[in-house]
Amino acid sequence: MKLLFIINPGSGSHDINLKEVISAYFKEKTTETDLFELPKDCSIAKIKQKITTSQADRVIAVGGDGTLKLVAECLLNTGTPIGIIPAGSANGMAKELGIPTDMEQALAILAEGRQQKIHVVKLNNEICIHLSDLGFNAYLVKKFDTLPQRGMWGYAKATWHALWNHRRMEVQLKLKNETVTSKAAMVAIANATMYGSGLKINPDGKLDDELFEVVLVKDYSYLEILKIWITKLPFNPKKIEVFQTAAVKIASKHKAHFQVDGEYIGRVNTVEANIIPAAITVILPNEM
């Protein structure tokens, strides 16, 4: 078996040499490895070219959700299995899929793990494998990216800034059988169930069905989200509503901050989202 590792050296805040760790792990094994370190501003075309020339059996994303998104874009609807080595700051999708954060444990899954097809969500010209949103959290992501501090202190500082400076939006959701108009602190397009912090925004989400969830947070109701996280009680619909759908058009009266899988995209008036069923194949730990 041949494994191609797409390595993002800028992921996370760790000090380890990812190439050295991977090479050392496979040194005494029969598995063939091909290591490709992403250069700055690497295009999708260059990654696709590397995947084609490598002719590997499986392609491994080494980094955070952004790195996995890049690899997923290259392998959409190809059936080539994607492995995940969580080396980012939050690693939301790895946590979602039960991939261990321990490097050696994650590496051990790649050759022997089970395969599962999951859907992705197409958002305008982007794909989302994890979570995207308009409004408060996207503004927080933008602010976090500008701060010199990383980790929880930087996140707390960005959250405080966002709470003071972000204002609610006026949004319209066009679903298959209804149109919803509301003020909102944020609107999440949820492929997965929880953010990298472990906070569950979408408790009923499934990655292998043909639906995603639109979570309408009407006010700054993080206490409501914490309630769901701790007690498992349903959301208060006066504060947070969840819609299951295969397609939605979200329009904001004024341009709203927008992020996809932890990457700030910019400010937009409209987001059109559609499900792409069984779009990628991921390698998961074997069930006990």
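This is a predicted model: local features need pLDDT of at least 70, side-chain atom pairs count only at pLDDT 80 or more; totals for chains, interfaces and linings use all residues.
Contact means heavy atoms within 4.5 Å.

Residues are numbered from 1 along each chain as its sequence is written, and side-chain values use heavy atoms, with hydrogens and water left out.

## Exercise 1: The whole chain

Task: Describe the chain by its contacts, its elements and its surface.

Solution. 
- Start with contacts between residues at least 6 apart in sequence. Of these, 70% join residues at least 24 apart.
- Next, list the elements. The chain has 8 helices and 14 strands. Helices (H or I, at least four residues) and strands (E, at least two) are DSSP runs, numbered from the N terminus.
- Then take burial. Buried means under 20% relative accessible area, exposed over 50%, and partly exposed in between (1.4 Å probe, protein chains only). Of the 288 residues in the chain, 51% are buried.
- Finish with the surface. The accessible surface is about 14,200 Å², and carbon and sulfur atoms hold 50% of it. Areas come from the Shrake-Rupley method with a 1.4 Å probe; for residues, only the protein chains shown count as cover.

## Exercise 2: Salt bridges

Solution. 
- Set the rule. A salt bridge is a side-chain nitrogen of Lys or Arg within 4 Å of a carboxyl oxygen of Asp or Glu. The structure holds 5.
- Look at D34 and K50. Their closest N and O atoms are 3.2 Å apart. The pair links distant parts of the chain: D34 sits in strand β2 (residues 32-37) and K50 in helix α2 (residues 44-54), 16 residues apart. D34 counts as buried because its relative accessible area is 15%.
- Look at E73 and K69. The closest N and O atoms are 2.8 Å apart. Both lie in helix α3 (residues 65-74), 4 residues apart, so about one helical turn separates them. E73 is partly exposed at 25% relative accessibility, whereas K69 is buried at 7%. K69, E73 and E126 are linked in a network of salt bridges.
- Look at E170 and K183. The closest N and O atoms are 3.7 Å apart. E170 is in strand β8 (residues 169-174) and K183 in strand β9, so the pair ties together parts 13 residues apart in sequence. E170 is partly exposed at 37%, and K183 is partly exposed at 42%.

## Exercise 3: A residue in β9

Task: Is S182 buried or exposed, and which residues does S182 contact?

Solution. 
- S182 lies in strand β9, residues 179-184.
- Check burial. Its relative accessibility is 16%, so S182 counts as buried.
- Set aside neighbours within four places in sequence. S182 is then in contact with M169, E170, V171, L216 and K218.

## Exercise 4: Cores and rings

Solution. 
- Define the core: a set of buried Ala, Val, Leu, Ile, Met, Phe, Trp, Tyr and Cys residues joined through side-chain atoms within 4.5 Å.
- Take the largest one. It has 47 residues, and F5, V62 and L107 have the most contacts inside it.
- A second, separate core of 25 residues includes V180, A184, V187 and V260.
- List what F5 touches, leaving out residues up to four places away in sequence. Among them are I22, F26, D34, V62 and L107.
- Turn to rings. Rings of Phe, Tyr and Trp (its six-membered ring) pair if their centres lie within 6.5 Å; planes under 30 degrees apart count as stacked, over 60 as edge-to-face and the rest as tilted.
- Count the pairs. The structure holds 2 aromatic pairs. The rings of Y25 and F26 have centres 5.0 Å apart and planes at 80°, so they are edge-to-face.
- Close with the cluster. Ring pairs link F5, Y25 and F26. Y25 is buried at 17% relative accessibility, and F26 is buried at 7%.
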